[in-house]
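Welcome! Have a look at the structure below, then try the exercises one by one before reading the solutions.

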Amino acid sequence: MNSSPSATEVRDIVQAVLAELERAPSGETVRAPASADAPPAPPAATPRASLGRGGSAGTSNEMDVDVPDPTVTEERRRIGVEHPANASGLANLASSTSARLAVGRAGPRPRTRTMLLFGADHAVTQDAIFGDVPTELLDSFGLFTVQTQVTDQDEYLLRPDLGRRLSDEARKVVAERCVKKPQVQVVVGDGLSAAAVTNNLPHIYPVLEQGLTSAGFSLGTPFFVRYCRVGVINDVNDVVGADVVVLLIGERPGLGVADAMSVYSGWRPGPGKTDAHRDVICMITANGGTNPLEAGAFAVEHVKNVIAAQASGVELRLKQSGER
Ligand code: B12
């Protein structure tokens with residue numbers, strides 16, 4: 001049986017909605033009705049958007065749609081489910097994760113604020129991926145730049161294999177400028193988030209450098225790799241011959257955090273070595289992850305373990321557990 005409304009009914013519904021909108025006082029934000037035991041709604045954020053309907057502003061058809069900024073914390077965390085059966089349970093659940101839980105819906109569709117927040121967060125990830133690490137930052141740590149076999153950002157995303165290989169020019173420059181056979185070679189790579197490097201390098205790098213030096217290790221000449229993938233540490237070490245290579249690199253951004261860095265490392269990387277030979281310290285960010293200062297100190301301790309065991313990755317775990 002077809003239960004769709006007729007054309008006349010649809011027209012009536014539309015007119016009723018429009019009449020309701022005309023009556024709503026300008027500037028009022030429509031909110032979900034609160035249930036008896038719902039947590040108190042935070043105060044409305046300052047409306048940011050004022051959208052004209054029906055063409056040019058100032059006509060009699062004009063309507064203000066005031067949407068609070070969905071990126072402010074109160075809006076981001078606001079429970080959108082109407083009349084929840086267990087409001088406090090739902091609030092606890094939602095506060096335990098940054099995942100988009102309990103956002104509610106408008107009929108079968110996401111709410112406007114859900115879509116706006118998604119769009120805003122997605123834009124931040126795009127900026128992180130397609131941005132560049134500022135040259136001044138790299139200069140401030142004396143890092144020169146080399147490039148992988150990737151030639152532009154689109155190719156970087158499409159060809160991870162090329163991001164794992166230094167270009168011929170890069171191999172030449174690294175061979176010319178870097179100390180050979182150090183105990184520890186530190187490399188910085190943009191990876192999938194320039195924001196991660198920009199925000200965290202100033203904090204993690206000095207701790208790492210000073211910690212490794214105080215531990216008495218000889219350090220290689222550090223440098224920056226553009227369009228970098230983790231596997232490039234094999235190629236790097238093919239040229240420098242370090243005992244341990246430590247790579248600080250931007251992680252794939254998420255819709256909650258876009259500036260997280262990882263420290264990947266390995267004992268004597270080289271051709272044929274895989275992620276099974278590597279270790280990672282992940283989610284390094286001041287925005288809800290491991291603080292970069294702490295991560296730097298942790299990375300130093302990790303390098304000490306790797307050098308003591310002369311192993312990394314799975315082999316290190318096996319040695320530590322006495323299985324090898
Ligand atoms: C993408 C990703 C993957 C992809 C990698 C494929 C690819 N080409 O990108 C897939 C789905 C295959 C994957 C698998 C695994 N992953 Co993963 N992965 C990630 C993720 C979401 C992003 C990594 C990233 O941005 N890297 C930077 C970019 C630039 O690197 P890349 O060169 O493009 O890709 C390399 C790395 O991503 C690396 N990699 C990915 N995961 C892991 C895990 C370990 C232990 C190592 C050493 C390397 C590694 O593999 C890629 C190829 O070399 C992170 C989450 C995070 N917060 O970082 C988890 C994360 C790094 N992965 C993790 C784990 C545990 C794994 C697995 C061991 C899961 C399993 N049990 O099978 C496997 C092992 C992978 C391996 N390569 O051997 C954990 C590591 C935790 C830890 N501190 O040890 C993380 C942090 C997720 C988490 N929070 O639990 N992973």
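**Exercise 1.** In which sense do strand β4 and strand β5 pair, and over how many bridges?

*Solution.* Before starting, note that this is a predicted model, where local features need pLDDT of at least 70, side-chain atom pairs count only at pLDDT 80 or more, and totals for chains, interfaces and linings use all residues. Residues are numbered from 1 along each chain as its sequence is written.

Step 1: find β4 at residues 184-189 and β5 at residues 223-226; strands (E, at least two residues) and helices (H or I, at least four) are DSSP runs, numbered from the N terminus.
Step 2: follow the bridges. β4 and β5 pair in the parallel sense over three bridges, where pairing requires that DSSP finds at least two bridges between two strands. Gly-189, for instance, has Val-225 in β5 as its bridge partner.

**Exercise 2.** Work out the order of the strands in the open sheet.

*Solution.* Step 1: β4 also pairs with β6, in the parallel sense, over six bridges; Val-184 has Val-244 of β6 as its bridge partner.
Step 1: go on from β6 to β7, an antiparallel neighbour joined to β6 by seven bridges. Here Ile-249 has Ser-262 of β7 as its bridge partner.

**Exercise 3.** Which residues of β6 are buried on each of its two faces?

*Solution.* Step 1: apply the rule that a residue is buried if 20 or more other C-beta atoms lie within 10 Å of its own, exposed if 12 or fewer, and partly exposed in between, with C-beta atoms placed from the backbone.
Step 1: recall that side chains in a regular strand alternate between the two faces of the sheet.
Step 2: sort the residues. Val-244, Val-246, Leu-248 and Gly-250 are buried on one side, and Val-245, Leu-247 and Ile-249 on the other.
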